[in-house]
Amino acid sequence: MASDCDVAVIGAGAAGVAASVVAARSGCRVTLIDVGDRPGGQYYRGADLSPSPRAGVDYPALAGDLDRLVAAHAVDYRPRTTAYALERAGQRLLVRTRGDDRHRQDVDIIGAGTVILATGAFDRPLPFPGWTLPGVMTGGGAQSLVKGQHVLPGRRIVVAGTGPFLLAVAATLLEHGAEVAAVVEANDPVVGSVRQLRGLTSGLGKAGDLGRFIAALARHRVPYLRRHRIVEALGEDRVTGVRIARVDADWHPIPGTERVLECDAVSVGFGFVAQLDLAAQLGARMIRGADGGLAVEVDDDQATSVPGLLAAGETTGIGGVEAARVEGLVAGATAAVLSDHASALTPSALERVRRQVARWRRFAAGLHATFPVRDGWVDSVREDSLVCRCEEVPVSRVREAVALGARDARTVKLLSRAGMGWCQGRMCAAAVDGLCGFDDIASLQGASYRPVSVPVPLGALAAEPVEG
Amino acid sequence: MNADVVIIGAGVVGACCARACAEAGLSVIVVDRGAVASGTTGGGEGNILVSDKEPGPELDLALLSRDLWAQMAGALGDSFELDPKGGLVVAARSETYEHLLRFADEQRSCGVIAETVAAWDLAQLEPRISRDLVGGVFYPQDMQVQPMMAAAHLIEAARATGRATLMTDCTVTGIDRDAAGAISAVRTSQGSISTRHVVNAAGTWGGEIAALAGVELPILPRRGFILVTEPLPPVVHHKVYAADYVANVASDNAGLETSAVIEGTQAGTILIGASRERVGFDKTLDWGVVRRLSRQAIEVFPFLADVQLLRTYGGFRPYCPDHLPVIGPDPRVPGLLHACGHEGAGVGLAAATGHVIAQALTGAPLSIDLAPFAPERFEASHVG
């Protein structure tokens, strides 16, 4: 079966929910596609959120609106559904989706006049010796384990990497009864005052989040080790500890400062990488986000360089949940206009929202300046450390590819298989770039082009409905 | 900078030329505007086939080439996954099968080993193959190689002689000729290289290089996509393809043609080709192609219905109007040699191509008659 709508929104996090609500309230036929069981995305996943009965554009109000719009069939909400491809067909765009089981009937092609990409971001891990030991996981992985499945990754956990998200992860773990051995932060955020740090961190969450995180850390006497980094995870069959070291401003370990922290789980995160596959498939123009990673370029209306394709949230540059929400509002309003409907947001309301977008974006830039990823992490990898876990490609093979003449990420992939496996390079792309010193946007783009965003059974593809 | 020969293109053909020339004692500079294997070599399956060649000059070249590939793999310690797996061509209908059997008979008379496989014996070669096929022919000489690794390691082997240099991200901007019209230098984005010889191994872009030297070569792109599945334990043991493939390879149809070509790789993924379209250099994935290839592959291996497609890739085969490559000295420009236009057989034919190019450059007797591959054969005045 092939279906049709005015506006297809991909992703039901803060950006996608906001966009869907505005577009649907403006009279557009909206289809909302999301991998999750229910709306909320990474930030509000599993949050015990009672949808607000009152009007407004904060997330609880929007979530309440969405419920009502779905019940009234104004939004065709499709949970547990993944878009695997985006294609142009004349004036319209086609979203190819699959369900989350392997039934071949589960494939659909949704035609839309406008598509809003709100596909969020995923963790950016960086390798270090021992990072593949059981018990070592990404911050996002640890959070979804706790929030989604109510399982603690361990009893005594080290949270490491860089960024305010470390504090959020640590707080979540503490709230659920884990012991956090330390928060190991490779950068040196200026923590002269709590207010200053709050200023930095509220970009990732509701105002007041940071106060809660810091209070939780203080209450449990969790050390916040700035300018420290894990140089090795220890253990045979699973992680039993980490070796950490003080680092200089470029993250090079300072000799003589190493020590061991015992733990039975490690959560690591070095910021986030925007999920850009679908935009790349249509050739949308990319830029470098404030964090140095790839982002899709948008104008003040959240329009990309591809006619009919809008983007909101982390896809336009890692900026946190509030930036995502307000960008989603703008994208919904733009989609309404593109569908020849009067926007449900009044011109003055839209103007207000645009100012908030600008404020949150400035804010994200400040955040990224405080928590950059520095080259020194490469010091601790060994020749046999795995870079690509899917294909089990060690550092040595990546370096061999460079010796054989590879000068960009795509050629490294072809010569080493790094990035050819299940995750399609999502886990290793940043590491490969860092190891090889690749820094130009063309290389980043080459590595992030994925013609099929998620695996799809061949039987489903063979039975794909013919669009019309 | 100077060299006895400048090879333009660091794909598999340029790599084979580089190694053969360096081994023959020539000083070599390989230039590529991108990286190693960044053109059609990186977009292919790594076929070294005799099975799909009809009797004629291309089959002779293919037979020589597969033996040279086997020698190179031996010499280089199998750094590029050369797998003499053999090819199995299958037919779903009796007319197709009869045609296939006649084709195999003709090939046998030219030195191809082709073993007829009855329907009930197909499962001995491929236990998971469809029970609805009417029969097949097994070609034990067919092989597969990891083409990107092959190109990279062959260039590495050339460099190891101390006589070859690789320049990547190096775009050729001009080819200079002296008063007599002979090659004198290659101008590049990284400087000029004095040389008396240029090998045009630019594949699909060979026509552009020829134009820089002042001659025409009618080479055009023929797009192909390959589907890559999730990694599996070994389940497809040979290169298995439908008999219609041979007809498609030789066809002149500009529209979309697809026929199932299925094979496993050492990494465990299964590669599914092959599509052919003449649509210029548009890389956008066509989901209609994906649908057709999926259907055709499932007809041959029904278990594939439950196997996941992980990614796709594609490339642009360099084809000439008569589907034969352009190999050898260009009489119109002294010092210019071509080694391009191999269509979908570039990997398979690369070893022999490099071999005869080195022979031509050093004045050694040629292992094969190059007349059918002559660069000037497309000229209106040419009498072939």
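The structure is a predicted model, in which local features need pLDDT of at least 70 and side-chain atom pairs count only at pLDDT 80 or more, while totals for chains, interfaces and linings use all residues. Residues are numbered from 1 along each chain as its sequence is written, and chains are lettered from A and ligands numbered from 1 in the order in which they are written.

Chain A contains 15 helices and 22 strands (DSSP runs numbered from the N terminus, with H or I over at least four residues for helices and E over at least two for strands). Its radius of gyration is 22 Å, close to the 23 Å that the globule rule gives for 468 residues, so chain A is as compact as a globular protein of that length; the radius is taken over C-alpha atoms, and the rule is 2.2 Å times the number of residues to the power 0.38. Along the principal axes, the C-alpha atoms of chain A fill a box of roughly 65 × 50 × 35 Å. Of the 468 residues in chain A, 56% are buried (20 or more other C-beta atoms within 10 Å of the residue's own; exposed means 12 or fewer, and partly exposed lies in between, with C-beta atoms placed from the backbone). Among the contacts in chain A with a separation of 6 or more, 67% link residues 24 or more positions apart, a contact being two C-beta atoms, placed from the backbone, within 7 Å.

At the meeting of the two chains, 27 residues of chain A are in contact with 33 residues of chain B. On the chain A side, two or more residues come from each of strand 4 (81-89), helix 12 (409-416), strand 22 (456-457) and helix 15 (458-462), and the largest share, 4 residues, belongs to helix 15 of chain A. By class, this side has 13 nonpolar, 4 polar and 10 charged residues (Ala, Val, Leu, Ile, Met, Phe, Trp, Tyr, Cys and Pro count as nonpolar, Asp, Glu, Lys and Arg as charged, and the others, Gly among them, as polar).

Within chain A, helix 11 (residues 395-403) packs against helix 13 (residues 429-436) at an angle of about 55°, with the axes 10 Å apart. Axes are lines fitted to C-alpha atoms, for helices over the stretch in contact, and angles run from 0 to 180 degrees between N-to-C directions. Helix 11 and helix 13 of chain A are therefore oblique to each other (under 35 degrees is roughly parallel, over 145 roughly antiparallel, 65 to 115 roughly perpendicular, and the rest oblique). V395(A), V398(A) and V402(A) of helix 11 meet V432(A), L435(A) and C436(A) of helix 13, a contact of 6 nonpolar, no polar and no charged residues.

In chain B, helix 1 (residues 12-23) packs with helix 9 (residues 346-362) at about 35°, with axes 8 Å apart. This contact divides into 12 nonpolar, 4 polar and 1 charged residues. Helix 1 of chain B also comes within 8 Å of helix 5 (residues 147-160) of chain B, axis to axis, crossing at roughly 25°; the two are therefore roughly parallel to each other. Residues of helix 1 of chain B in this second contact include V12(B), A15(B) and R19(B), and those of helix 5 of chain B include P147(B) and L154(B). The second contact holds 12 nonpolar, no polar and 1 charged residues.
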